[in-house]
Amino acid sequence: MPILTAVLPVLATAIVPSFAVGGCDAEEPDASPRQEGATIARRPNILFVFSDDHAPHAIGAYRPHLPHGAWMSGVDTTPRIDKLASEGVVFTRSFCGNSICGPSRATILTGKHSHANGFRRNGNKFDGDQWTFPKELRRAGYRTAMIGKWHLNSDPQGFDYWDVLPGQGHYYNPVLINEDGRRTVEGHCTDIVTDLALGWLEDQNEEDGPWMLMCQHKAPHRTWMPAGRHLDLWADEDLPAPPTLFDDHADDAPGALTSQMSIGRHMELFYDLFVTTEDGTVPQGGSALDASGYRNLKRMTEAQRARWDEAFGPRNAAFHAAGLEGEDLVRWMHQRYLKNYLRCVRGVDESVGRLVDWLEEKGLADNTIVIYSSDQGFYLGDHGWYDKRWMYEESLMMPLIVRWPGVVEPGSTVDALVQNIDYAPTFLDIAGAETPANVHGESLVRLLRGETPEDWRDAIYYRYYEFPGAHQVAKHFGVRTATAKLMHFPELDAWEQYDLVADPDELTNVFGTPEAAPVAAELAIRLGELRAQYGDR
Ligand code: CA
């Protein structure tokens, strides 16, 4: 394992030869007692904090690196994640392979694209019997835990402990499931998941070896319900709006016109934005979505609901009094949406802060790798949209921030193309365990050390399957390099091509123009090579 060998000298902690236990076939970790007086092997702990739908341009540390995030400049969204980034590395070209919740999670567990792990769209059932990195980490002697949003429709495997939200989970007073059964826990989901994660960490003993914890939040997933203490953030100010809020998709991009994720045309005033009716009640007997939104409010305790109504009651009354229409209405909806989204993000940010503070209090910070990521990006009004799914930048990107004291240069960036297929091999490399050859991803450890391998990938592969389905985004697949993107819509017999240098907002489809033809030919060849490499047909 050459990468592990390369990492060893820079680890501040003492190492003994028993360090490398990866690749053994034993089902249980080696339980043999450690030698008295010997230096204890200290492979790093791995804390993976993962959220749902957290767009990189909603993270302060990302914005200097994102053309499409400039409009969010100056909004203080994520002080603790930004601090983590200042002490670690920001991956500026970090992507998913299928921009939706379940598939991204399945890819992270397996290191494989959707067609190979079998989880192509939400609603699929993850085959938990297949190889996953937590199973391999356990074999390598790590204690493993999964707490929070799972969303794979089968029980977690490969964890010493798991405690997960069923399905999408609820923001308020969520149900949780572990091996003992179901229970409802009072509070806000982000806080509860953090409490459970800290509780599990408190129960671990350092002499039992390293651990890997996946702390996975529901937030900031739709429908955006922040904790009571965050409801007044940005209440008295206007947040910026993206320059593409009124994108008319006039560039002959075939898929965009048929999708259903426009703030102006598809977002729901009640379900998405919690605008109650004029007399202060919620509409009953409305759409199925409204009924679901109503149930979300009904989950609250009296005190939680009183706080909610205190915050939104006067704002809803002002909305009804204003009688907004047209673009004014869309701008209002965008403000309500973005503020609630960012309030949910603030809860996640506080979670990161609590977890990092705990590591520092316990003296574990120097020997724990902290990773912050989210399953895909999201539209914050960009192109007029909310939601994800598209291979366009806002939803193709995933945040990836890693703090690894003594290895990662604080405040650094990595511009290499990385993808969620790389997480599993990275975690195993960190642990000194082997990754099977059929895993698609590559370990990021060399990149974390600040090296730029000459043979690193020059393109990433993407494929979205969920059509027909929520938001009606057409099936597509494609390739992205450092500077260009090619997308194919097989059922529309259509292509899109973007020059990411000249047109970072992807407003002009250049496919079919004579000027773009040479690049299109190169991208098409690369796309075919990637499909062959990953065995996708
Ligand atoms: Ca998601």
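Some ground rules. Residues are numbered from 1 along each chain as its sequence is written, and side-chain values use heavy atoms, with hydrogens and water left out. Because the model is predicted, local features need pLDDT of at least 70 and side-chain atom pairs count only at pLDDT 80 or more, while totals for chains, interfaces and linings use all residues.

I start with helix α9, residues 326-361. Helices here are DSSP runs (H or I, at least four residues), numbered from the N terminus. Two packed helices are described by the angle between their axes and the distance between the axes. Axes are lines fitted to C-alpha atoms over the stretch in contact, and angles run from 0 to 180 degrees between N-to-C directions.

Helix α6, residues 189-202, packs on α9 at an angle of about 15°, with the axes 9 Å apart. The two are therefore roughly parallel, a label for angles under 35 degrees. On the α6 side, the contact (heavy atoms within 4.5 Å) includes Thr190, Asp191 and Leu198. On the α9 side, Val348, Arg354 and Trp358 are among the residues involved. By class, this contact has 6 nonpolar, 4 polar and 4 charged residues.

What does α8 do against α9? The axes of α8, residues 302-322, and α9 come within 12 Å and cross at roughly 165°. These helices are therefore roughly antiparallel, the term for angles over 145 degrees. From α8, Phe312, Arg315, Asn316 and Phe319 meet Leu329, Trp332, Arg336, Asn340 and Arg343 of α9. The class count is 4 nonpolar, 2 polar and 3 charged residues.

Next, helix α11, residues 423-431. Is this helix enclosed or open? Of its 9 residues, 9 are buried, so α11 is largely enclosed by the rest of the structure. Buried means under 20% relative accessible area, with a 1.4 Å probe and protein chains only. Among the buried residues are Tyr423, Pro425, Phe427 and Asp429. After α11 comes Gly432, with a positive phi near 75°.

Last, the cysteines. How many disulfides does the structure hold? It holds 0 disulfides, a disulfide being a pair of cysteine sulfur atoms within 2.5 Å. For Cys215, the nearest cysteine sulfur belongs to Cys189 and is 9.9 Å away. For Cys344, the nearest is again that of Cys189, at 10 Å. Cys215 counts as buried because its relative accessibility is 0%. Cys344 is buried as well, with a relative accessible area of 2%.

Definitions and conventions:
Angles under 35 degrees count as roughly parallel, over 145 as roughly antiparallel, 65 to 115 as roughly perpendicular and the rest as oblique. Ala, Val, Leu, Ile, Met, Phe, Trp, Tyr, Cys and Pro count as nonpolar, Asp, Glu, Lys and Arg as charged, and the others, Gly among them, as polar. Buried means under 20% relative accessible area, exposed over 50%, partly exposed in between (1.4 Å probe, protein chains only).
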